[in-house]
Amino acid sequence: MAWCGWCSATSLPGLQIGLSQPIRIDDVVIVENEWGVIEEITGTYVVVRIWDQRRLVVPLQYWIEKPFQNWTRKTSELIGTVFLWVDYRMPLAPLRAALQRACESTEHGGRPLRPAAGDRSG
């Protein structure tokens, strides 16, 4: 009986993920405060390629029990990404303003542009 309970406990999240498909390969997600792309989905875990090329291995159960953001749930038309490595003393306000100006002067096919700039230390 213990084996049967273990079997159902480990296969249920995989079944739920398979039926509801809250995530798919190449979806862009934010999980555990990390922005990344779903790279692999197995029977027990999901591999997320983080923006800085690290890999975050997340158990399937996590995707059922905890909230996460999926930015490409319906379509992959999302964003263009630009990484700028600058000195940590650089004020972000001028960077955000330049990003806004760049987005306003760019052809975007009628899609809304929502520029974002943030800081990442560590």
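# Reading salt bridges, strands and a core

Biologist: Glu34 and Arg54 are joined through their side chains by a salt bridge, with 3.1 Å from N to O. Glu34 belongs to strand β2 and Arg54 to the loop between β3 and β4, so the pair links distant parts of the chain, 20 residues apart. What counts as a salt bridge?

Modeller: Side chains of opposite charge can pair when their charged atoms come close. The term needs a side-chain nitrogen of Lys or Arg within 4 Å of a carboxyl oxygen of Asp or Glu. The model is predicted: local features need pLDDT of at least 70 and side-chain atom pairs count only at pLDDT 80 or more, while totals for chains, interfaces and linings use all residues. Residues are numbered from 1 along each chain as its sequence is written, and side-chain values use heavy atoms, leaving out hydrogens and water.

Biologist: How many salt bridges does the structure hold, and which residues are linked with Arg54 in a network?

Modeller: The structure holds six salt bridges. Arg54 also meets Asp52 in one, at 2.9 Å from N to O, and Glu34, Asp52 and Arg54 are linked in a network. Elsewhere, Asp27 pairs with Arg24, with the closest N and O atoms 3.4 Å apart.

Biologist: Are these side chains buried or exposed?

Modeller: Buried means under 20% relative accessible area and exposed means over 50%, with partly exposed in between (1.4 Å probe, protein chains only). Glu34 counts as buried because its relative accessibility is 12%. Arg54, at 38%, counts as partly exposed, and so does Asp52 at 31%. In the other pair, Asp27 is buried at 3%, whereas Arg24 is partly exposed at 30%.

Biologist: How do I read the strands, and in what order do they form the sheet?

Modeller: Helices (H or I, at least four residues) and strands (E, at least two) are DSSP runs, numbered from the N terminus. Two strands pair if DSSP finds at least two bridges between them. Here five strands form an open, antiparallel sheet in the order β4-β3-β2-β1-β5. Its edge strands, β4 (55-59) and β5 (69-70), each pair on one side only.

Biologist: Which strands pair with β1?

Modeller: Strand β1 (residues 28-31) is joined to the antiparallel β2 (residues 34-41) by four bridges. In β2, Gly36 is the bridge partner of Val29 and Glu34 that of Val31. The two strands form a hairpin with two residues between them, and Glu32 in the turn has a positive phi of about 55°. Strand β1 also pairs with β5 in the antiparallel sense over two bridges, and Ile30 stands opposite Gln69 there.

Biologist: Which way do the β1 side chains point?

Modeller: Val28 and Ile30 point one way, Val29 and Val31 the other way, and all are buried.

Biologist: Which residues make up the largest nonpolar core?

Modeller: A nonpolar core is a set of buried Ala, Val, Leu, Ile, Met, Phe, Trp, Tyr and Cys residues joined through side-chain atoms within 4.5 Å. The largest one has 11 residues, including Ile23, Val29, Val31, Ile38, Val58 and Trp63. At least two of its residues come from each of β1, β3 (45-50) and α2 (60-65).

Biologist: What is Val58 in contact with?

Modeller: Contact means heavy atoms within 4.5 Å. Leaving aside neighbours within four places in sequence, Val58 is in contact with Tyr45, Val46, Val48 and Trp63.
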